[in-house]
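Got the sequence and the model open side by side? Here is a short walk through what the atoms show.

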Amino acid sequence: MTSTPSAPAGPTVPVLSPALRTLLVLAAGAVVLAAVHVAAGVLAPLFLAVVIVIICHPVRFPLEARGWPTWAASTAVILVAYLILAALLAMLVWAGFRFAALVQSYIPQLADSVAEIEEQLAATGIDTQITETVTAWLQPANVLSVAGTVSGTVVTVGTAFFFVLAYAVFMAVDAARYSTAAQHFGATRSDAIDRTTRFSTGVRRYYVVNATFGAVVAVIDGVALWLLDVPGAAIWAILAFVTNFVPNIGFVLGLIPPMVMGFVVGGWQLALAVVAVYCVVNVVLQVFVQPKFVSDAVSLSLTLSFVSVVFWTFVIGPLGAILAIPLTLLVRALVLEGDPRNNWLRWLSGDDVTDDVPGSGVPTGGAERPSSAEADDDPSAAPGTRDTVPERDTAG
């Protein structure tokens with residue numbers, strides 16, 4: 001009996017340890033983020049344009065259903081995007097310069113209030129160094145510097161909007177073509193198309209929820225401040241609306257300016273009244289009610305939402321606070337959702353997903369469905385269980 005000679009063993013492929021793989025992934029991520037930080041001046045307006053086009057993209061569907069040509073529907077999307085940008089820019093520019101003028105007109109009262117605080121603190125026996133620390137940030141020179149910074153930031157944002165206007169035109173036109181991706185590549189790229197659709201839907205839901213709650217909060221705050229005779233009530237209402245798009249810490253950012261102005265014109269009693277109004281209205285709506293709707297819309301944990309604001313603000317600047325949630329959703333869609341082995345990390349991020357059911361090969365909960373190509377290759381799949389590919393809303 002002759003034995004069959006065994007085939008020569010091939011070269012052994014070295015297997016990286018999990019720790020080394022993690023370090024390599026973190027190093028690659030750090031390099032990418034450093035590049036994004038360097039190019040933030042170009043990428044931040046680009047990200048904003050993407051978000052605006054995603055929000056406005058559904059406008060084309062009822063128009064195309066009525067027989068409008070593609071170019072006309074794309075033009076309508078561009079016009080809606082421009083109207084949104086124009087409204088935001090007008091509010092920011094008006095509020096920024098009104099804020100600077102308001103601060104300058106109340107500088108004498110602010111100086112008197114600071115001197116009074118220093119006297120009261122000194123009379124209570126508090127250490128001089130502590131007194132200086134408490135009153136330093138209320139010094140008129142510092143407040144003027146903040147007002148000038150706000151005005152300069154408004155101008156910078158306005159300049160960035162010109163880039164956004166150009167980006168929006170090209171993206172709106174390309175989005176019409178990307179909407180047909182499922183028709184051309186649905187059989188082989190359904191997983192990527194589904195991820196894009198989920199990301200776009202999540203972004204739209206997030207901004208709809210924030211805009212709705214922001215408008216309600218802005219109206220209530222503006223009326224309350226007007227009734228309390230706090231100067232610039234309309235400015236603080238716009239600030240409350242804009243800061244509502246900053247998760248978790250937006251409430252504090254919107255409270256400090258009207259509280260200081262209330263203190264200047266009405267003393268600590270009016271300042272406390274402003275704090276009370278914001279605590280009742282903003283805390284109840286923004287801290288207790290709104291996060292539930294945001295969580296349902298984008299499936300992100302509260303911790304990750306808070307960390308993402310700080311992180312993306314550091315990476316791409318002030319726009320990172322407003323774009324933090326969409327950018328985090330984009331990273332999750334690109335890095336985690338493509339591999340079922342990352343379901344554990346997706347679940348930690350707040351996504352409603354579980355592991356595969358043992359022995360079934362079918363994900364449960366919010367896990368990824370098998371693509372249509374995989375279903376077609378499986379002879380045991382029932383005719384009615386194969387994946388259906390959406391034909392609409394894939395690009396936006």
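What follows goes from the whole chain down to single residues.

## Ground rules and confidence

This is a predicted model, so local features need pLDDT of at least 70 and side-chain atom pairs count only at pLDDT 80 or more, while totals for chains, interfaces and linings use all residues. Residues are numbered from 1 along each chain as its sequence is written, and side-chain values use heavy atoms, with hydrogens and water left out.

The chain averages a pLDDT of 75, with 72% of residues at 70 or more; pLDDT is the predictor's confidence in each residue, from 0 to 100. Over residues 357-396 the pLDDT is below 50. Beyond near neighbours in sequence, that stretch has 73 contacts in the model, a contact being heavy atoms within 4.5 Å.

## The whole chain

You'll find 16 helices and two strands here. Both are DSSP runs numbered from the N terminus: helices are H or I with at least four residues, strands are E with at least two. Of the 396 residues, 40% are buried. Buried means under 20% relative accessible area, exposed means over 50%, and partly exposed is in between (1.4 Å probe, protein chains only).

Look at contacts with a separation of 6 or more, and 71% of them join residues 24 or more positions apart. Val-103 sits in helix H4 (residues 70-105) and is buried, at 6% relative accessible area.

## Where H1 meets H12

Helix H1 (residues 18-38) packs on helix H12 (residues 302-316) at about 60°, with the axes 7 Å apart. The axes are lines fitted to C-alpha atoms over the stretch in contact, and angles run from 0 to 180 degrees between N-to-C directions. The two helices are therefore oblique to each other; under 35 degrees counts as roughly parallel, over 145 as roughly antiparallel, 65 to 115 as roughly perpendicular, and the rest as oblique.

Which residues of H1 and H12 make the contact? H1 brings Leu-33, Val-36 and His-37, and H12 brings Phe-311, Trp-312, Phe-314, Val-315 and Ile-316. That comes to seven nonpolar, one polar and no charged (Ala, Val, Leu, Ile, Met, Phe, Trp, Tyr, Cys and Pro count as nonpolar, Asp, Glu, Lys and Arg as charged, and the others, Gly among them, as polar).

## Aromatic rings

The whole structure has five aromatic pairs. Rings of Phe, Tyr and Trp (its six-membered ring) pair if their centres lie within 6.5 Å; planes under 30 degrees apart are stacked, over 60 edge-to-face, and the rest tilted. Phe-311 and Trp-312 make an edge-to-face pair, with centres 5.1 Å apart and 80° between the planes. Phe-311 is partly exposed at 35%, whereas Trp-312 is buried at 8%. Elsewhere, ring pairs tie Tyr-206, Tyr-207, Phe-241 and Phe-245 into a cluster.

Gly-320 lies in helix H13 (residues 319-322) and is buried, with a relative accessible area of 0%. Leaving aside neighbours within four places in sequence, Gly-320 touches Trp-312 and Thr-313.

Most residues other than glycine have a negative phi. Asp-229, though, has a phi near 65°; it is in the loop between H9 (190-227) and H10 (233-243) and is exposed at 60%. Ser-299 has a positive phi of about 55°. Ser-299 is in the loop between H11 (250-298) and H12, and is buried at 18%.
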